[in-house]
Structures are given as structure tokens and as C-alpha cells.
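Welcome! Please take a moment to look over the sequence and the 3D structure before reading on.

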Amino acid sequence: MHSGTAVSAPRIHHQWLPDQLRVQPMGLKALTLAELQRQGHRIKQTKPWGNVNSIVVTPDATLEGAADPRGESSPRGL
């Protein structure tokens, strides 16, 4: 998986108090959401949150950067 794919993926988060599963738009498929609700999970669809940036060291020792599209940054190198 390319680091940009992971950084830009929708987020899901289970919160203990309040007991709910927070899901960003397109975070889970509709059938998965329905099954989780059937099992008793309280699901709250939310606006996107977070801003992650990453650097991956590839097998050939080069660096690959990725910036979260939800933020204002962009990958840059030296």
C-alpha cells in the first residue's frame, strides 16, 4: 500500500464514553454499518477529522512522503 493511500483513508474510531463508533463519510460499506447496528453498536457518522503526514522508508532506502488531503500541507523533499 502506498503511504498516501493509508494517510488519506477514511477514519473510524470506537469511543468508550460515549459508547459509539465514529465513522467518517465512506469509512465503512453500508452493509457493514447495518450489521454493526444490528449487533447493537451505536454509529455516529461525522465530518472528516485529523491531519496525518507520513514518511515511509522504501526497500531501496528512498523516502516517500504523503500529506493528508484533509489538511493544508503537502509532501516535500530535500
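This is a predicted model: local features need pLDDT of at least 70, side-chain atom pairs count only at pLDDT 80 or more; totals for chains, interfaces and linings use all residues.

Residues are numbered from 1 along each chain as its sequence is written, and side-chain values use heavy atoms, leaving out hydrogens and water.

**Salt bridges**

Side chains of opposite charge can pair when their charged atoms come close. A salt bridge here means a side-chain nitrogen of Lys or Arg within 4 Å of a carboxyl oxygen of Asp or Glu. How many salt bridges does the structure hold? There are 3 of them, and the table shows each pair.

| Salt bridge | N to O distance |
|---|---|
| Asp68 and Arg11 | 2.8 Å |
| Glu35 and Arg38 | 2.7 Å |
| Arg70 and Asp68 | 2.8 Å |

Arg11 sits in the loop between helix H1 (3–8) and strand E1 (12–15).

Asp68 has a relative accessible area of 1%, and Arg11 has 16%. Arg70, at 27%, counts as partly exposed.

Arg11 also has neighbours from elsewhere in the chain. Contact means heavy atoms within 4.5 Å. Leaving aside residues within four places in sequence, Arg11 is in contact with Arg22, Val23, Gln24, Trp49, Val52, Asp68 and Arg70.

Now for the pair in helix H2. Glu35 and Arg38 are 3 residues apart there, so about one helical turn separates them. Glu35 is partly exposed at 31% relative accessible area, whereas Arg38 is exposed at 61%.

**A nonpolar patch**

Which residues form a nonpolar patch on the surface? They are Ile55, Val57 and Leu63, with about 360 Å² of accessible area together. Such areas come from the Shrake-Rupley method with a 1.4 Å probe; for residues, only the protein chains shown count as cover. Patches are made of residues with over 30% relative accessible area and no salt bridge, where like charges are joined within 9 Å and nonpolar side chains (Val, Leu, Ile, Met, Phe, Trp, Tyr) within 5 Å. Leu63 belongs to strand E5 (residues 63–67) and is exposed, with 63% relative accessibility.

**Two loop residues**

Gly50 lies in the loop between E3 and strand E4 (53–57). It is partly exposed at 44% relative accessible area. Apart from neighbours within four places in sequence, Gly50 is in contact with Asp68 and Arg70. Gly50 and Ser3 are 47 residues apart along the chain, and 16 Å separates their C-alpha atoms.

Gln39 is found in the loop between helix H2 (30–38) and strand E3 (43–45). With 49% relative accessibility, Gln39 is partly exposed. Its C-alpha atom is 17 Å from that of His13, 26 residues away along the chain.

Conventions:
Helices (H or I, at least four residues) and strands (E, at least two) are DSSP runs, numbered from the N terminus. Buried means under 20% relative accessible area, exposed over 50%, partly exposed in between (1.4 Å probe, protein chains only).
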